Amino acid sequence: MAISDDRQSPDARSGDVTERPPAEEGEDPTSDVERGGEASADDAATAERSLRRTLSEHRVHAAVVVAMGLYPPLYQLLISTPLGAEFAVVLPPVRTMVAVLYVGLFAMSFDFISGYTGYLSFGHSLFYGTGAYLVVLAATGKLPGLSAGTPFMGLLLLGGILAALIALLVGTVSFRLTGVYFAMITLGFAEVAHVFIRNWDHVSPSPQDGANIGGDVGAFQIGVPGVDTLSVGIGRLVGDSYENLFGTGIEFNEAMVSFYAVGAVVLVSYFAMQRIVHSPFGRVMIAIRENEERARAIGYDTYRFKLVAFAISGFFAAVAGALFAGFRRSVGPSSTFDLFVTADALLAAIIGGFGTLAGALYGHLFHEFLGGILSTESHGLSRYLRENLPPDLLNAEVAGVPLLDVVNVLIDGRAELYLGLVFVLFVLYVPKGILGTIRDRIGGTAAEHLPGHVRKYFRDRR
Amino acid sequence: MTGIEPALLAAGDAGPVVASLLSDLLDVGTLVGIVLGALSKAALYVLIAAGLSLIFGLMGVLNFAHGSFTMLGAYLGGAVMVVLVSSGTGPYARIALFFLAMAAVFGVMTAFGSAVEKRLIRPIYDRQPLFQILLTFGVVLVLDELVRIVVEVRGMQPRSDWQEALGTAPGFLQNTITVAGSTTRGLYMFEVLIGAMVVAVTWGFLTRTRYGLYIRAGSEDSEMAQALGIDIRKAFSVVFGVGSGLAAVAGVMLMWDPRFGASVPLSTDALLIAFVVVIIGGLGTFRGTVVAGLLVGLFDAVTTWLFHSAYVDFAGLPEMVMFLALVLVLIVKPQGLFGVEEVGGH
């Protein structure tokens with residue numbers, strides 16, 4: 001596996017400058033700032049350079065954040081154009097984008113442990129479920145010591161810490177195993193929790209269906225706890241909405257507010273994980289993936305590194321689960337602790353790029369994009385075709401079968417089939433996924449190298 | 001009431017509870033019932049796990065599609081039975097047709113398994129074991145969805161058991177019979193018979209045929225086997241095929257069992273059972289798989305009895321104990337009860 005060519009982060013950079021092969025940096029103007037070995041002469045100048053370098057490194061991040069931020073109003077705009085029905089088929093609605101964010105965070109946390117250390121955590125749903133159930137049980141007053149009014153931000157943190165502790169316990173016995181045995185034991189732990197939560201009648205009278213948060217509990221607030229003006233409520237129906245915000249005439253509905261609030265938490269979580277991955281700690285994680293015996297021979301206590309990485313991963317998986325529960329306000333065993341919840345993360349990580357962190361989010365975006373087009377809901381392609389194609393065309397026969405039946409059978413709600421096919425093709429032919437392949441092409445992380453490539457492209461064109 | 005509270009209660013006045021539990025348990029009828037239940041479950045578990053054990057033992061590939069092959073076998077077997085059996089078919093003719101369906105499904109799924117191995121898994125042997133998990137998992141997604149499409153097009157419910165196929169079992173198997181003061185279904189005893197047959201045939205295949213020899217040699221040391229002139233690639237194909245065929249045979253049996261039945265979720269249920277049994281038994285030992293199947297069957301029967309006689313108020317206990325056993329074995333003896341460390345070099 002050669003995804004390991006991530007560049008060093010700024011904080012780990014100083015000792016590394018001379019080791020960099022200059023040829024690779026040829027197109028990257030930011031490295032000119034770096035190459036002066038006598039940079040230590042002036043502290044202020046160094047600080048400024050370092051800041052400028054950090055900023056320039058995050059241009060691609062900024063672009064992605066801006067694009068995501070502009071999506072909801074853009075979506076509103078596009079579906080009100082004459083081609084609105086067509087846009088509605090292709091573009092995922094904003095409430096789906098909220099799911100992209102929290103499941104994307106879950107997939108990133110999965111990639112954090114599985115993609116970077118090479119230990120496939122097949123029971124990752126355990127942590128997602130922990131976060132989700134903690135929120136619902138706390139909000140319904142079923143957890144001793146936690147009042148129903150505990151701030152949501154506190155629950156996010158608490159769920160994360162609880163999951164990190166569980167990860168430490170699970171990891172203590174699991175990290176003595178490798179390969180498929182590690183995958184199996186984590187799957188075993190998750191299934192134990194799955195069976196337990198499916199039969200634990202403290203959750204609700206019918207635990208196999210999960211639990212709901214009633215309407216009497218207000219929307220969960222994301223922001224600064226206790227300060228109303230600095231928090232917004234999330235949720236599909238109960239969240240905050242703003243008409244004519246700041247007199248701009250723009251209307252923010254519940255889904256859009258939730259999108260930005262959940263997005264802020266996901267963004268912070270992503271950067272936290274991204275920093276860790278690019279820190280010396282992250283280098284050890286990659287070393288474990290590439291050659292664990294060698295990492296141990298160099299003197300790293302790999303067992304402890306794996307444990308801590310697993311705990312961090314569990315923390316963010318639980319944050320994702322808590323966001324899911326906070327937005328949907330209902331949890332069930334099949335949407336939290338199930339093997340197929342882990343499978344969603346696996347799909348996202350493989351399609352997006354295993355061991356690329358951000359790729360997992362794009363992978364899940366692709367999943368929801370495909371799922372939206374092929375869904376049976378009102379904005380799906382099959383409904384659109386049935387409503388907009390002339391009846392005689394729908395009844396026309398393709399190889400003896402009416403077209404309508406073909407649409408119903410092959411398109412209506414069939415996202416899983418095509419996603420499975422795409423997944424198999426990716427495993428066979430694009431094992432590095434979308435982002436991993438891009439990184440191979442440009443010789444490093446997109447955040448650092450894409451701007452240089454874009455500039456080079458335009459310079460060559462001129 | 002939660003599952004934990006009774007345990008706490010029991011801790012308070014442990015003496016009388018344990019005494020009454022023991023006196024209940026040592027009743028002859030109860031013991032026979034538990035043994036019969038254990039045998040019938042064990043037979044199914046061994047059936048489900050046998051194919052995976054062969055594949056995992058020789059190739060070190062943890063085939064995630066195993067449960068999907070079982071599910072496919074259940075539907076294919078059910079289809080054969082539903083087509084061939086009419087209300088006038090006699091009970092013995094039904095049994096004969098059942099064996100016919102089993103043989104046909106075994107043939108078809110063996111060919112299918114070999115094809116999957118050749119087309120999809122062979123290109124990625126040189127990659128990390130991770131990719132074999134990923135690839136077979138992708139096969140699960142595609143197969144389950146394809147079956148769901150066909151089932152829905154035929155106007156059936158993919159999530160609930162296929163009643164029509166359940167109904168093709170002869171009446172004398174559906175009735176209850178009494179053995180030494182304990183009642184059981186004729187079908188469960190029939191399952192024990194089928195399980196024993198499949199174990200015997202697989203045992204014969206492993207110890208009496210050339211390919212069995214290859215498998216045993218390859219499980220010990222695949223490089224050495226290759227050096228001695230065994231075409232290990234061909235052996236992989238054959239074993240993957242036979243393993244898939246065995247998975248499907250288990251499916252044909254489950255199609256008649258009202259505790260399972262042909263349905264799409266059977267895929268996951270069977271997969272998890274197969275994993276637990278194979279891992280507990282140990283990598284590369286068929287004997288281990290058989291013993292592990294018996295053990296897990298016994299756990300299942302005892303915990304089911306504990307729940308039914310109201311000693312434990314937690315319906316998920318049998319299933320939970322199964323996964324706890326998996327976790328415990330992996331912690332205490334990762335190579336499994338009968339496995340040898342580093343066998344097969346995986």
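User: What counts as a cavity here?

Analyst: A cavity is a set of grid points where a 1.4 Å probe fits but cannot get out. In this predicted model, the count comes to two cavities of 30 Å³ or more.

User: How much space lies in the second largest cavity?

Analyst: About 30 Å³.

User: Which residues line the second largest cavity?

Analyst: Chain A gives Leu339(A) and Phe340(A), while chain B gives Phe64(B), Phe137(B), Val140(B), Thr268(B) and Leu271(B). Two or more lining residues come from each of helix H13 (339–352) of chain A, helix H6 (129–153) of chain B and helix H13 (266–281) of chain B. By class, six of the lining residues are nonpolar, one is polar and none is charged.

User: Now helix packing. At what angle do H3(B) and H14(B) pack?

Analyst: Helix H3 (residues 28–59) and helix H14 (residues 286–308), both of chain B, pack at about 140°, and their axes lie 7 Å apart.

User: Why are H3(B) and H14(B) called oblique to each other?

Analyst: Roughly antiparallel needs an angle over 145 degrees, and roughly perpendicular covers 65 to 115. The angle of H3(B) and H14(B) is about 140°, so the two helices are oblique to each other. Their crossing is right-handed.

User: Which residues make the contact?

Analyst: From H3(B), they include Ile34(B), Gly37(B), Ala38(B), Tyr45(B) and Ala49(B). From H14(B), they include Val290(B), Gly293(B), Gly297(B), Ala301(B) and Trp305(B). Counted by class, the contact of H3(B) with H14(B) has 16 nonpolar, six polar and two charged residues. Lys41(B) of H3(B) and Asp300(B) of H14(B) are among the contact residues.

Note on methods: Residues numbered from 1 in each chain as written. Chains lettered and ligands numbered in written order. Predicted model: local features only at pLDDT ≥ 70, side-chain atom pairs only at ≥ 80, totals over all residues. Heavy atoms only, no water. Axes fitted to C-alpha atoms, helices over the stretch in contact; angles between N-to-C directions. Helix = DSSP H or I, 4+ residues; strand = E, 2+ residues; numbered from the N terminus. Parallel < 35°, antiparallel > 145°, perpendicular 65-115°, else oblique. Left-handed = near helix turned anticlockwise from the far one by under 90°. Contact = heavy atoms within 4.5 Å. Nonpolar A, V, L, I, M, F, W, Y, C, P; charged D, E, K, R; others polar. 1 Å grid on protein atoms, 1.4 Å probe; cavity = no way out; pocket = protein on both sides within 12 Å on 5 of 7 lines; lining within 4 Å. Points joined across faces, edges and corners; volume = space filled by probe spheres on them.
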